[in-house]
Amino acid sequence: MAETVADTRRLITKPQNLNDAYGPPSNFLEINVSNPQTVGVGRGRFTTYEIRVKTNLPIFKLKESTVRRRYSGFEWLRSELERESKVVVPPLPGKAFLRQLPFRGDDGIFDDNFIEERKQGLEQFINKVAGHPLAQKERCLHMFLQDEIIDKSYTPSKIRHA
């Protein structure tokens, strides 16, 4: 019976120079959700979040952009991706129905701790979605991340490389 011997030779790698180690990454997509702002009064009160994108991926038309979105905008994006793409879309942070009940001892969905938790959950959601190569081709994702106003009557389609 033949004996198998493991190949223990080292892979030949090219030496790394300073540009390789400290230069800009070849492909990057950074998305931060920050600066929550609560506006309005009574039943018309809501919180918006700043979404800041920095990328060098050729599929995005803008290399840097900043927009503001409400939680309902994230819900719209999730439903569009579920309907139009082949991507398994992660869940959004919870809707927090109990926090919307009257006569609570705190500010409900406008409580600073809740807003901070939601902000972190929204950032995780958008980074998972936008990091997916198939989701990156969806027009709805590009509108959500880079257009000041979302055109909800848009025609769903794929984005081609620039």
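Strands β2 and β3 pair in the antiparallel sense over seven bridges. Pairing requires that DSSP find at least two bridges between two strands. The model is a predicted one, in which local features need pLDDT of at least 70 and side-chain atom pairs count only at pLDDT 80 or more, while totals for chains, interfaces and linings use all residues. Residues are numbered from 1 along each chain as its sequence is written, and side-chain values use heavy atoms, with hydrogens and water left out.

**Overall organisation**

- The protein contains four helices and three strands; these are DSSP runs numbered from the N terminus, with at least four residues of H or I for a helix and at least two of E for a strand.
- Along the sequence, the elements follow the pattern α-β-β-β-α-α-α.
- Of the 162 residues in the protein, 34% are buried (under 20% relative accessible area, with exposed over 50% and partly exposed in between, for a 1.4 Å probe and protein chains only).
- Among the contacts in the protein with a separation of 6 or more, 53% are between residues 24 or more positions apart; a contact means heavy atoms within 4.5 Å.

**The sheet**

- The three strands form an open sheet in the order β1-β2-β3, with antiparallel pairing.
- Strands β1 (29-39) and β3 (64-70) are the edges of this sheet, each pairing on one side only.
- From one strand to the next, the twist averages 20°.
- Strand β2 (residues 46-55) is joined to β1 by nine bridges in the antiparallel sense.
- Within this pairing, S34 stands opposite E50 in β2, and N32 stands opposite R52 in β2.
- On the β3 side, K54 has E64 as its bridge partner.
- The hairpin of β1 and β2 has six residues between the strands, and G40 takes a positive phi near 85° there.
- Strand β2 is mostly covered, with seven of its 10 residues buried.

- Angles run from 0 to 180 degrees between N-to-C directions, and axes are lines fitted to C-alpha atoms, for helices over the stretch in contact.
- The axes of α3 and helix α2 (residues 71-84) come within 12 Å and cross at roughly 30°.
- This angle makes α2 roughly parallel to α3; the term covers angles under 35 degrees, with over 145 counted as roughly antiparallel, 65 to 115 as roughly perpendicular and the rest as oblique.
- From α2, the residues Y71, F74, L77, R78 and L81 meet R118, L122, F125, I126 and V129 of α3.
- The contact of α2 with α3 comprises eight nonpolar, no polar and two charged residues. In this scheme Ala, Val, Leu, Ile, Met, Phe, Trp, Tyr, Cys and Pro are nonpolar, Asp, Glu, Lys and Arg are charged, and the others, Gly among them, are polar.

- Seven of the eight residues of α4 are buried, leaving the helix mostly covered.
- These buried residues are C140, L141, H142, M143, F144, L145 and Q146.
- The buried residues of α4 pack against β1, β2, β3, α2 and α3.

- The loop between α3 and α4 holds E138.
- E138 counts as buried because its relative accessibility is 3%.
- Leaving aside residues up to four places away in sequence, E138 touches L81, E84, S85, S157, K158 and I159.
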